[in-house]
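Here are my notes for you to read with the structure open beside them. Take the points one at a time and find each residue on screen as you go.

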Amino acid sequence: MNSRTELAPAVASILEAARERPGGDAPVDVDARSLPDALARAEADGRVPVIAEVKPTSPTADGTRADDPVELARAMVEGGAAAISVLTEPTHFGGSPEALTRIREAVSVPVLRKDFVVREDQLDVVEADLALLIARFVGARKSNDSRASQNPSRSDADLEELVVAARERGFQALVEVHDREELEDALAAGANIIGVNNRDLAKLEVDLETFESVAPHVPDDVTLIAESGVSSPDDVRRMREAGADALLVGSAIMDHGAGDSNVTENTRRLVTATEHGE
Ligand SMILES: O=C(O)c1ccccc1NCC(=O)[C@H](O)[C@H](O)COP(=O)(O)O
């Protein structure tokens with residue numbers, strides 16, 4: 001196994017469960033709220049663009065938050081979040097498509113569906129403004145399919161086809177990458193919103209240097225998001241200096257271990273981290 005095929009046991013289990021999950025009955029038709037517009041509004045207001053994540057638990061969380069997801073999302077928006085990410089994966093993250101639907105009805109900012117989509121019909125499970133596609137989990141572009149066929153962690157789905165399928169339904173596609181090779185796959189698939197995940201799905205370790213090493217190779221016209229491991233205002237400043245247009249933050253806002261931690265305050269602390277200090 002090489003670093004491209006290796007997956008932490010928890011991630012292999014997530015992928016296996018994803019492959020088993022059914023899709024929707026018919027293609028959805030989304031009238032999406034624009035993420036780039038929402039990020040620009042945050043910048044214009046002097047807020048750091050933060051996509052705050054409703055993440056009841058995770059394989060690396062030190063607890064579970066059973067709060068009403070709608071209340072959590074509202075609290076994040078009150079704290080200045082530019083957009084909301086919702087984990088809809090039920091088995092390992094405690095999420096649900098129903099929670100996303102309720103949240104999207106309750107807030108006016110864009111809502112990202114954070115899940116492990118491996119087939120086109122799984123896009124039809126729930127409407128959202130953005131759909132996450134993880135380059136590591138879906139097939140590489142056909143012109144490069146020798147790597148895809150060697151990689152057992154990849155399904156038969158093709159990243160470019162999924163990007164097109166997501167857009168045909170009205171979603172904005174957020175393509176997640178972890179290294180330069182996956183970045184090339186994402187760009188070849190036509191991605192214009194790219195997230196660099198600082199969490200290594202082979203070891204589940206988080207290293208902010210991941211974003212710093214990939215970001216310089218991302219074209220300027222791509223909306224670039226730093227994902228995972230951002231836990232302090234210093235981390236926010238570091239990712240912004242490295243070129244992040246927005247930050248996707250779950251654990252530091254949910255603060256699972258503390259149970260009743262104030263999600264509004266946790267969001268505000270990151271949203272107000274300017275280049276010149278807190
Ligand atoms: O968060 C996990 O433990 C995890 C484990 C295995 C696969 C994916 C995982 N997280 C998904 C995410 O992408 C994060 O929820 C998101 O980027 C926010 O990360 P963080 O701010 O570090 O919670």
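1. Let's start at the ligand. K55 has a polar side-chain atom 2.6 Å from an oxygen atom of the ligand. Please keep in mind throughout that this is a predicted model.

2. In the side chain of R199, an N or O atom is 2.9 Å from a ligand oxygen, and a polar side-chain atom of S228 lies 2.7 Å from an oxygen atom of the ligand. How much of the ligand does the protein bury? On its own the ligand exposes 500 Å², and 98% of that is buried by the protein.

3. Where does S228 sit in the fold? Its place is the loop that runs between β7 (223–227) and α9 (233–241). The backbone of S228 deserves a look too: its phi is positive, at about 75°, although S228 is not a glycine. Is S228 buried or exposed? With a relative accessible area of 12%, S228 falls under the 20% cut-off and therefore counts as buried.

4. The loop between β7 and α9 also holds G229. G229 has 30% relative accessibility, so this residue counts as partly exposed. Setting aside neighbours within four places in sequence, the contacts of G229 are V206, L208 and D235. For a sense of scale, G229 and N192 are 37 residues apart in sequence, and their C-alpha atoms are 23 Å apart in space.

5. D255 is another non-glycine residue with a positive phi, of about 45°. You will find D255 in the loop between α10 (251–254) and α11 (263–271). Its relative accessible area is 30%, which lies between the 20% and 50% limits, so D255 is partly exposed.

6. Next, have a look at H92, in the loop between β2 (83–87) and α4 (97–106). Why does H92 count as buried? Because its relative accessibility is 16%, under the 20% limit. The H92 side chain makes a polar contact of 2.7 Å with the side chain of S13. Beyond neighbours within four places in sequence, the contacts of H92 include A10, I14, A17 and T57 as well as S13.

7. Turn now to the strands. β2 and β3 pair in the parallel sense, over four bridges, and I84 stands opposite V111 in β3.

8. The largest nonpolar core has 63 residues, and M76, I84, I103 and L247 have the most contacts inside it. Apart from this core lies another, of 27 residues, among them L35, L112, F116 and I134.

Definitions and conventions
Residues numbered from 1 in each chain as written. Predicted model: local features only at pLDDT ≥ 70, side-chain atom pairs only at ≥ 80, totals over all residues. Heavy atoms only, no water. Helix = DSSP H or I, 4+ residues; strand = E, 2+ residues; numbered from the N terminus. Buried < 20%, exposed > 50% of the residue type's maximum accessible area, 1.4 Å probe, protein only. Polar contact = N/O pair within 3.5 Å; in protein donor to acceptor, adjacent residues only side chain to side chain. Contact = heavy atoms within 4.5 Å. Core = buried A, V, L, I, M, F, W, Y, C linked by side-chain atoms within 4.5 Å. Areas by Shrake-Rupley, 256 points an atom, 1.4 Å probe, with all protein chains shown as cover. Pairing = 2+ DSSP bridges.
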